[in-house]
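Hi,

Here is the structure I promised to pass on. Have a look at it first, and then read my notes below.

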Amino acid sequence: MPGARSLALSSNGIVYVGTRGQGVVYALVDSNRDGTADAVRTIASGLSEPNGVAFWDGALYVADASRIIRYDSIDSRLDNPPEPALVFDSFAPAVGHSWKYIAIGPDTMLYVTVGSPFNVGIPDDVRYATIMRVRLDGTGGEVFARGVRNSVGFDWDPATHLFWFTDNGRDWLGDNLPPDELNVAPQPWLNFGYPYRFGKNRPDPQYGSRADSTAVFTPSALDLGPHVAALGIKFYTGNMFPEPYRRRVFIAEHGSWNRTAPIGYRVTTVLVQGENASDYKVFAKGWLNGMTAWGRPVDILVMPDGALLVSDDKAGAVYRIAYRL
């Protein structure tokens, strides 16, 4: 599956996989439920960066660079997919970090990331550098969180329903700044700092002095590694893994592209307790060999049996990580 990125699971156990440059959406069918896909179907092609996928009530929602579309009754139409219905297209023009991640929240609204149009700067449209949300019928679109440079993954804590998301820091401040971030939004309309602040409310050396003196910025819940490119995250909701993993969130780190010594290219895990995050450590590694990476993790999905799926857009694969006594 060239370019395999975001993952979504249907009620019938089909795994849908988005891409970026490939412009396609895949379906993975595991007919005998043995943990290995029996078939890979291409259900959509010719799209513009269809990174985001989400499933709800028989329909697959796909976010490409400039819109959200919906494929109805898709599980039963893999061989003859329907024409998609337009759900929402009131985004800022698709430039810069235009690929989008989507998921449906506990409030049954579609949440969608809208990245910055450049590495660093003050966007001329308030919809850039945000996380937006919209009703499933496409109405009520609004900004949920601001000052978010480039988030490509979020999830809700199953215990508290708090919204957690990753955010990629800017480039060209050296190898060790800024950190990528794990953030929590206990309420809507918070500002997470970009381009004026990063990490634990640290001023950006170029834009920090330009912030409005009355602005209130929300610091990160946890600073992650610098330039690790933290993307998809999922809270572990299964029963397969041992008890210590039950209150943790897993993070796919895509890996640095311009750091002197590469970092990331791994899956990490963090302990979350309320609005606090700690104990950041590596869970799975091996995609990086010295200075060369053969794979780049993108997204994570918890399966009904408790196993984790991890997508990899460099190797064009989805891996299954399971635990056995």
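One aromatic cluster is made up of Tyr101, Tyr111, Phe144, Phe154, Trp156, Phe163, Phe165 and Phe192. The pairing rule takes rings of Phe, Tyr and Trp (its six-membered ring) with centres within 6.5 Å, and calls planes under 30 degrees apart stacked, over 60 edge-to-face and the rest tilted.

Before going on, some housekeeping. This is a predicted model, where local features need pLDDT of at least 70 and side-chain atom pairs count only at pLDDT 80 or more, while totals for chains, interfaces and linings use all residues. Residues are numbered from 1 along each chain as its sequence is written, and side-chain values use heavy atoms, with hydrogens and water left out.

**Aromatic pairs**

The rule gives 25 aromatic pairs. Why is the pair of Trp164 and Phe235 edge-to-face? The ring centres of Trp164 and Phe235 are 6.5 Å apart and the planes sit at 70°, so the pair falls in that class. Trp164 is in strand β14 (residues 163–167) and Phe235 in strand β20 (residues 230–235), so to speak distant parts of the chain, 71 residues apart. Strands here (E, at least two residues) and helices (H or I, at least four) are DSSP runs, numbered from the N terminus. Both Trp164 and Phe235 are buried (buried is under 20% relative accessible area, exposed over 50%, partly exposed in between, with a 1.4 Å probe and protein chains only).

Trp294 and Tyr319 also form an edge-to-face pair, with 6.5 Å centre to centre and 85° between the planes. This pair links distant parts of the chain, 25 residues apart: Trp294 is in the loop between β25 (292–293) and β26 (297–302), and Tyr319 is in strand β28 (residues 317–321). Trp294 counts as partly exposed because its relative accessibility is 42%, and Tyr319 is partly exposed at 22%.

**Charges over rings**

Two rings have a charge over them (NZ of Lys or CZ of Arg within 6 Å of the ring centre and within 35 degrees of the ring normal). The charged end of Arg20 is over the ring of Trp99, 3.5 Å from its centre. Lys100 lies over the face of Phe91, at 4.9 Å from the ring centre.

**Salt bridges**

A search of the whole structure turns up 17 salt bridges (a side-chain nitrogen of Lys or Arg within 4 Å of a carboxyl oxygen of Asp or Glu). Arg133 and Asp107 make one of them, at 3.5 Å from N to O. Arg133 sits in strand β11 (residues 130–135) and Asp107 in the loop between β9 and β10 (109–114), 26 residues apart. Arg133 is buried, with 12% relative accessibility, whereas Asp107 is partly exposed at 32%. Together with Glu142, Asp107 and Arg133 are linked in a network of salt bridges.

Strand β21 (residues 248–253) holds Arg248, whose partner Asp279 is in strand β23 (residues 276–284), 31 residues apart. The closest N and O atoms of Arg248 and Asp279 are 3.0 Å apart. Is Arg248 buried or exposed? Arg248 counts as buried, at 5% relative accessibility, while Asp279 is partly exposed at 39%.

Glu253 and Arg266 also meet in a salt bridge, at 2.5 Å from N to O. Glu253 is in strand β21 and Arg266 in strand β22 (residues 266–273), 13 residues apart. Both Glu253 and Arg266 are buried.

**Pockets and the cavity**

The search uses a 1 Å grid over the protein atoms alone: a cavity is a set of points where a 1.4 Å probe fits but cannot get out, a pocket is an open set with protein on both sides within 12 Å along at least five of seven lines, and lining residues have an atom within 4 Å of a point. Grid points are joined across faces, edges and corners, and a volume is the space filled by probe spheres set on the points.

The largest pocket has a volume of about 590 Å³. Among its 22 lining residues, Ala103, Ile104, Asp155, Lys234 and Leu301 are the closest to the centre. β5 gives the most to this lining, with 4 residues. The lining of the largest pocket divides into 18 nonpolar, 2 polar and 2 charged residues (Ala, Val, Leu, Ile, Met, Phe, Trp, Tyr, Cys and Pro count as nonpolar, Asp, Glu, Lys and Arg as charged, and the others, Gly among them, as polar).

The second largest pocket comes to about 420 Å³. Of the 23 residues in its lining, Val15, Asp30, Gly35, Met303 and Leu309 are the closest to its centre. β28 gives the most here, with 4 residues. By class, this lining has 13 nonpolar, 5 polar and 5 charged residues.

How many cavities of 30 Å³ or more does the structure hold? There is 1, and the largest cavity has a volume of about 100 Å³. Its lining has 14 residues, with Arg149, Gly169, Tyr194, Arg197 and Phe198 the closest to the centre. By class, the lining of the largest cavity has 5 nonpolar, 3 polar and 6 charged residues.

Cheers
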